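User: I would like to go through this model with you. Could you begin with the overall fold and then move to individual residues?

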Amino acid sequence: MVDLVGQYYKIKDEVDTAIQDVIASAAFINGPAVKAFQSDLEHYLNIKHVIPCGNGTDALQVALMALGLQPGDEVITTTFTFIATAEVIALLKLRPVLVDVCPNTFNIDPHAIEKAITSKTKAIIPVHLFGQCADMDRIMAIADTHNLFVIEDAAQALGATWYAKNGIAKKAGTIGHIGCTSFFPSKNLGCYGDGGAVFTNDDTLAEQLRMIVNHGMKTRYYHDIVGVNSRLDSIQAAILQIKLKYLDTYADARKQAANYYNTAFEGCDKLSTPITADFTDHVFHQYTLVTHQIDREALASYLKRNGIASAIYYPVPLHLQKAYLDPRYKDGDFPIAENLSETVFSLPIHTEMDEATLQYISQTVLSFLNT
Ligand SMILES: *Cc1c(COP(=O)(O)O)cnc(C)c1O
């Protein structure tokens, strides 16, 4: 699905030197490389505070911890996402309230959010799924009206730009009260191990977040609140600082690949190509088709026999996952997400795709559909 080796070879000298420098300095934890990357990312995102942490799941967890919620408080999120989003809500003994998505963008439906609000609702976690922003104008308006926090899960959309109705443009993850991202290797900005970060413009939340990721302390060995240990190590930060320079170029490469696929599949009545909402650009963390009346397993194995990877993101919506079964929800409650989980199909998309590869993949998909 991705070509991280090909990507590495293009920046090998820079990356190897940066890694060697960290090793030679032995500043493995909280070294200067972490501060340098943090400051570059703040600049790129145009945000006041970036707080690096151990991974994207931790980012979501510390974001929720910083809000000072009480057990039983409700957090609204989408049922069509990676499990991490709901996992941290459950781990903190908060109540995940799941809602359906919009059929075209696969992102959380603002109307469904509104209907799910109760007196216990404290926060909303929109996920910018597959690389395009959720409808943040409407989500922020709902949050405003009901006095709710918004934590953006931007793990798949780092670098995407959102265009507000008032003409202001912002980067994904800098719109709500706190933004979260992941530097998992295959993400848009991926390191060579685990990594993540939270973003905020709020000084008080930033201070709280910095304490939480560092055992709840400001002064060493004085612990004011319960925290966790969640750090981005210096080697990963040094790699990320280099890759951040290429983040927009990487997004452009994926957009080009998506355009190629869109053209190749135009007019094919068995596939719907991805639709981008008019208030966001799409950085194509995934290229996800909706299939119509086709056997996805047969397509996947046909592609595999021809040396092509594919994936289904996601085969089961959260409300039907075993660990999250809840008497509040049953099969049929979120028809759009349920239908998507039965019909979506993702093709390889990454920074190293040439036209021959794209042609081969799309021709192979079409030759399956036409037999
Ligand atoms: C990858 C991902 C996460 C979790 O990130 P990790 O770094 O793997 O913990 C959270 N949410 C979404 C939507 C993701 O895609």
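Predicted model: local features only at pLDDT ≥ 70, side-chain atom pairs only at ≥ 80, totals over all residues.

User: What is the radius of gyration, and what would a compact globule have?

Analyst: The protein chain has a radius of gyration of 21 Å. A compact globule of 371 residues would have a value near 21 Å, so the two agree. Along its principal axes, the C-alpha trace spans about 70 × 55 × 40 Å.

User: What percentage of the residues is buried?

Analyst: Buried residues make up 54% of the 371 residues in the protein chain. As for contacts with a separation of 6 or more, 72% of them are accounted for by residues 24 or more positions apart.

User: Let us turn to the backbone. Which peptide bond is cis?

Analyst: The peptide bond from Tyr-313 to Tyr-314 is cis, with omega near 0°. Tyr-314 lies in the loop between helix H11 (296-305) and helix H12 (335-343).

User: What about phi at Asn-46 and Phe-130?

Analyst: Neither residue is a glycine, yet phi is positive in both: near 55° for Asn-46 and about 65° for Phe-130. Asn-46 is in the loop between helix H3 (32-45) and strand E1 (49-53). Phe-130 is in the loop between strand E4 (121-125) and helix H7 (136-146).

User: Is each of them buried or exposed?

Analyst: Asn-46 has a relative accessible area of 66%, so this residue is exposed. Phe-130 has 2% relative accessibility and therefore counts as buried.

User: Back to H3, then. What span should H3 have, and how far apart are its end C-alpha atoms?

Analyst: H3 has 14 residues, which at 1.5 Å a residue should span 20 Å. Asn-46, with its positive phi, follows H3.

User: Which residues of H3 are buried?

Analyst: The buried residues are Ala-33, Val-34, Phe-37, Gln-38, Leu-41, Glu-42, Tyr-44 and Leu-45. As background to that list, an α-helix has 3.6 residues a turn, so residues three or four places apart point the same way.

User: How does helix H13 look in terms of span?

Analyst: Helix H13 (residues 355-369) has 15 residues and should span 21 Å at 1.5 Å a residue. The end C-alpha atoms of H13 are 21 Å apart, which agrees.

User: Which residues of H13 are buried, and what covers them?

Analyst: Leu-358, Ile-361, Ser-362, Thr-364, Val-365, Leu-366, Phe-368 and Leu-369 are the buried residues of H13. Their cover includes helix H10 (247-265), strand E10 (271-272), H11 and strand E12 (344-347).

User: H10 also holds Asp-248. What does Asp-248 touch?

Analyst: Not counting residues up to four places away in sequence, Asp-248 touches Tyr-44 and Lys-171. Tyr-44 is one of the buried residues of H3. Asp-248 itself counts as partly exposed, because its relative accessibility is 40%.

User: How far is Asp-248 from Asn-188?

Analyst: Their C-alpha atoms are separated by 9.5 Å, and the two residues are 60 residues apart along the chain.

User: Changing topic: why does Gln-61 count as buried?

Analyst: Gln-61 has a relative accessible area of 18%, and buried means under 20%, so Gln-61 is buried. This residue is found in helix H4 (residues 56-66). Leaving aside neighbours within four places in sequence, Gln-61 is in contact with Val-88, Leu-91, Leu-92 and Val-228.

User: And Tyr-222: where is it, and which residues is it in contact with?

Analyst: Tyr-222 is in the loop between helix H8 (203-212) and helix H9 (234-244). With neighbours within four places in sequence left aside, Tyr-222 is in contact with Gly-216 and Met-217. Tyr-222 is exposed, with a relative accessible area of 57%.

User: Finally, what separates Glu-114 from Pro-317?

Analyst: Glu-114 and Pro-317 are 203 residues apart along the chain, and their C-alpha atoms are separated by 20 Å. Glu-114 is in helix H6 (residues 110-116) and counts as partly exposed at 41% relative accessibility.

Technical notes. Residues numbered from 1 in each chain as written. Heavy atoms only, no water. Helix = DSSP H or I, 4+ residues; strand = E, 2+ residues; numbered from the N terminus. Buried < 20%, exposed > 50% of the residue type's maximum accessible area, 1.4 Å probe, protein only. Rg over C-alpha atoms; globule rule 2.2 N^0.38 Å. Contact = heavy atoms within 4.5 Å. Expected span 1.5 Å × (residues − 1).
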